[in-house]
Amino acid sequence: MVVLPVLFLLGPLFLSGPAEALTVAETLKEAALSSDTPLDCNTWDCQCAFEHQRGCCCATKDIFQLEDDSFMRTKHLWFNISALKYRVKELTGGVRVAFKASNIASSNAPGSSDACFGPFNTDVPIPYNHVTLNHNNGYNPALGVFTAPAAGVYVFSFSVFSQDNGRLYYQVQLMKNGERIVGVWENNRQDSEDNANQSVVLELKRGDQVYIELMSGRKLCKFLAENIFTGYMLYPHTKPYIDMYEY
């Protein structure tokens with residue numbers, strides 16, 4: 001049997017230094033080749049690891065197949081992670097949209113005792129001129145108009161406050177591309193001051209415009225700084241994500 005000679009030769013292998021390891025391996029090889037006993041792994045061939053042959057390593061072919069499979073799975077996983085990274089970046093870091101604007105400049109003639117915006121003979125966008133937040137510069141304070149820099153779902157809100165010793169008479173509405181979405185109004189002879197609030201969720205395309213409009217013949221007076229217009233992107237629209245590297 002070849003077991004005893006092999007065990008006998010393994011002793012020097014553990015005691016020998018690096019320079020003697022090759023000699024011991026060659027000795028084991030020669031012992032295996034000269035043995036009359038059939039080996040479980042067929043012919044002893046230490047080149048099997050380089051030639052993908054079944055030789056001294058019975059499982060070489062299976063190990064190489066497992067290695068190839070593992071490499072392909074890792075490659076596909078890397079592609080998926082890369083695609084996911086850019087998708088997350090697009091959702092979170094690529095688009096940041098939010099604004100807050102307040103204060104309405106009086107439209108009265110200089111020297112007038114009343115600070116009022118309006119009345120006008122046509123519907124007029126309200127130019128909130130005190131901007132404290134304007135990420136992505138979507139809001140234009142000169143026009144009072146927000147232009148969507150990217151497609152997505154947005155949330156808008158506005159607060160209206162007016163005081164008039166004669167008669168409260170205002171009507172304000174939120175517009176999208178010239179179309180009325182929501183509005184608030186007051187027509188009261190008994191109450192000298194009042195406020196109103198409104199919020200709305202809108203789906204916008206890139207370039208869509210949203211603004212607050214004062215209806216013709218109406219006015220806002222006194223505490224014009226208390227009038228506020230805000231908006232932000234709830235989430236952007238992205239192209240459908242297709243996993244091309246399924247495995």
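## The open sheet

Five strands, in the order 4-1-13-7-10, form an open sheet with antiparallel pairing. Two strands count as paired if DSSP finds at least two bridges between them. Strands here are DSSP runs (E, at least two residues), numbered from the N terminus. Strand 4 and strand 10 (193-204) stand at the edges with a single partner strand each, so one side of each has no neighbour in the sheet. From one strand to the next, the twist averages 10°. That angle is taken between N-to-C directions, on a scale from 0 to 180 degrees, with axes fitted as lines to C-alpha atoms.

This is a predicted model: local features need pLDDT of at least 70, side-chain atom pairs count only at pLDDT 80 or more, and totals for chains, interfaces and linings use all residues. Residues are numbered from 1 along each chain as its sequence is written, and side-chain values use heavy atoms, with hydrogens and water left out.

Strand 1 (residues 98-104) is mostly covered, with 5 of its 7 residues buried. Buried means under 20% relative accessible area, exposed means over 50%, and partly exposed lies in between (1.4 Å probe, protein chains only).

Strand 1 runs antiparallel to strand 4 (residues 128-135), and 6 bridges join the two. Strand 1 also pairs with strand 13 (residues 228-236), again antiparallel, over 5 bridges. Ala101 stands opposite Val131 in strand 4. Ala101 also stands opposite Phe229 in strand 13. Ala98 stands opposite Tyr232 in strand 13.

## A nonpolar surface patch

Val201, Tyr232, Leu234 and Tyr235 form a nonpolar patch on the surface, with about 400 Å² of accessible area together. Areas come from the Shrake-Rupley method with a 1.4 Å probe; for residues, only the protein chains shown count as cover. Patch residues have over 30% relative accessible area and no salt bridge; nonpolar side chains (Val, Leu, Ile, Met, Phe, Trp, Tyr) are joined within 5 Å, like charges within 9 Å. A salt bridge is a side-chain nitrogen of Lys or Arg within 4 Å of a carboxyl oxygen of Asp or Glu.

Strand 13 supplies the largest share of the patch, 3 residues. Leu234 lies in strand 13. Leu234 is partly exposed, at a relative accessible area of 46%.

## The disulfide

The whole structure contains 1 disulfide. The term covers a pair of cysteine sulfur atoms within 2.5 Å. Cys116 and Cys221 form the bond, with sulfur atoms 1.9 Å apart. The pair links distant parts of the chain: Cys116 is in strand 2 (residues 116-117) and Cys221 in strand 12 (residues 220-221), 105 residues apart. The S-S torsion of Cys116 and Cys221 is about 110°, so the disulfide is right-handed. Cys116 and Cys221 are both buried.

Ala115 lies in the loop between strand 1 and strand 2. Ala115 is partly exposed, at 30% relative accessibility. Ala115 and Cys221 are 106 residues apart in sequence, yet 5.6 Å apart in space, C-alpha to C-alpha.

## Backbone exceptions

Most residues other than glycine have a negative phi, and most peptide bonds are trans. Gly118 and Pro119 are joined by a cis peptide bond, with omega about 0°. Pro119 sits in the loop between strand 2 and strand 3 (124-125).

Asn177 has a positive phi of about 50°. Asn177 is in the loop between strand 8 (168-176) and strand 9 (179-188), and is partly exposed at 45% relative accessible area. Lys222 also has a positive phi, near 70°. Lys222 is in the loop between strand 12 and strand 13, and is partly exposed at 33%.

Conventions
Helix = DSSP H or I, 4+ residues; strand = E, 2+ residues; numbered from the N terminus.
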